[in-house]
Structure formats: C-alpha cells, structure tokens
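Subject: Structure handover

Hello,

Please find the structure below. My notes on it follow.

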Amino acid sequence: PAGMVLSVLVILLLSMLYEAIKMGKAVLLRRALQALPPSLSQDPLLEPEEGAPSPTQGRSFPTQTTVILWFFHRWFRYHIGQTLFHVVQVVLGYMVMLAVMSYNAWIFLGAIAGSTLGYFV
C-alpha cells in the first residue's frame, strides 16, 4: 500500500509539473513575440526637407541592422528556452502516459488530479 501511495503521489507531481511547464511555454512565447522588432513599414518613410535641421544632428543612434540583430539575438534566446521547455514537457508527458498505460485506476486518478491541480495553480 505504501508503494502504491508513493507511486500515485509521484504521478500527481509529474502531472502538475507537466501543466506548469505548459504554462511556462506560453509565457515564453508571449515574451518571444514581444522581442520581435516592429515592422519596417512602421518607420517613417518621409525624407527630411532640404535645409531643415536633422532631428538626429549631434546624436548617434544605432543603425537599423544593429537593432534588428539585437532583436534577433533576444528572440533567439527565448526560442532556445521554449525548445528546452518543450523537450522537458514531451518527456514528462510520455512518462505520465506510460504510467497511465499500466491500467491501474489509482495511477490514472493521480494523473488526472495532478493535471487538474497543475492547471488550477
């Protein structure tokens, strides 16, 4: 009986962790999308009038290529994080699936309860 209770608790915790990682992936996806650069079509396309003082006169700004590379580097880090979260999520999912495939009702209920609690938390 103690071994079965421990098994159910482990499956419950694995299911909770699976749901937590799923939510973590959603947060990382939102941050990755925010890290993308704005569309180039949003940049002003008007040429400055001749003789008008330049608004950037005397100041140095990063070039558009530098900004795009910075955004790409930031997005790439988020993408690596999403990939690692995905691998862990898949491994946990298969572990829980294999446990449920033991056709033990208590293990099945532990997986369902863990998934429910993980989503709730």
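**Surface and overall make-up**

The chain has an accessible surface of about 9500 Å², and carbon and sulfur atoms hold 71% of that area. Accessible areas come from the Shrake-Rupley method with a 1.4 Å probe, and for residues only the protein chains shown count as cover. This is a predicted model, in which local features need pLDDT of at least 70 and side-chain atom pairs count only at pLDDT 80 or more, while totals for chains, interfaces and linings use all residues. Residues are numbered from 1 along each chain as its sequence is written, and side-chain values use heavy atoms, with hydrogens and water left out.

There are three helices and zero strands in the chain, in the order α-α-α from the N terminus. Helices (H or I, at least four residues) and strands (E, at least two) are DSSP runs, numbered from the N terminus. Of the 121 residues, 20% are buried, where buried means under 20% relative accessible area, exposed over 50%, and partly exposed in between (1.4 Å probe, protein chains only). Among contacts (heavy atoms within 4.5 Å) with a separation of 6 or more, 91% join residues 24 or more positions apart.

**The core**

Nine residues form the largest nonpolar core: Val 8, Ile 11, Leu 14, Ile 21, Leu 92, Val 96, Ala 99, Ile 107 and Ala 111. Two or more of these come from each of α1 (2-35), α2 and α3 (105-120), and α1 gives the most, with four residues. A nonpolar core is a set of buried Ala, Val, Leu, Ile, Met, Phe, Trp, Tyr and Cys residues joined through side-chain atoms within 4.5 Å. Leaving out residues up to four places away in sequence, Ile 21 touches Phe 85, Val 88, Gln 89 and Leu 92.

**Gln 82**

Gln 82 sits in helix α2 (residues 64-100). Gln 82 counts as buried because its relative accessibility is 15%. Apart from neighbours within four places in sequence, Gln 82 contacts Lys 25, Leu 28, Leu 29 and Ala 32.

**α1 against α3**

The axes of α1 and α3 are 7 Å apart, and the two helices pack at an angle of about 35°. Axes are lines fitted to C-alpha atoms, for helices over the stretch in contact, and angles run from 0 to 180 degrees between N-to-C directions. Residues meeting across this pair include Met 4, Ser 7 and Val 8 in α1 and Trp 106, Ile 107 and Gly 110 in α3.
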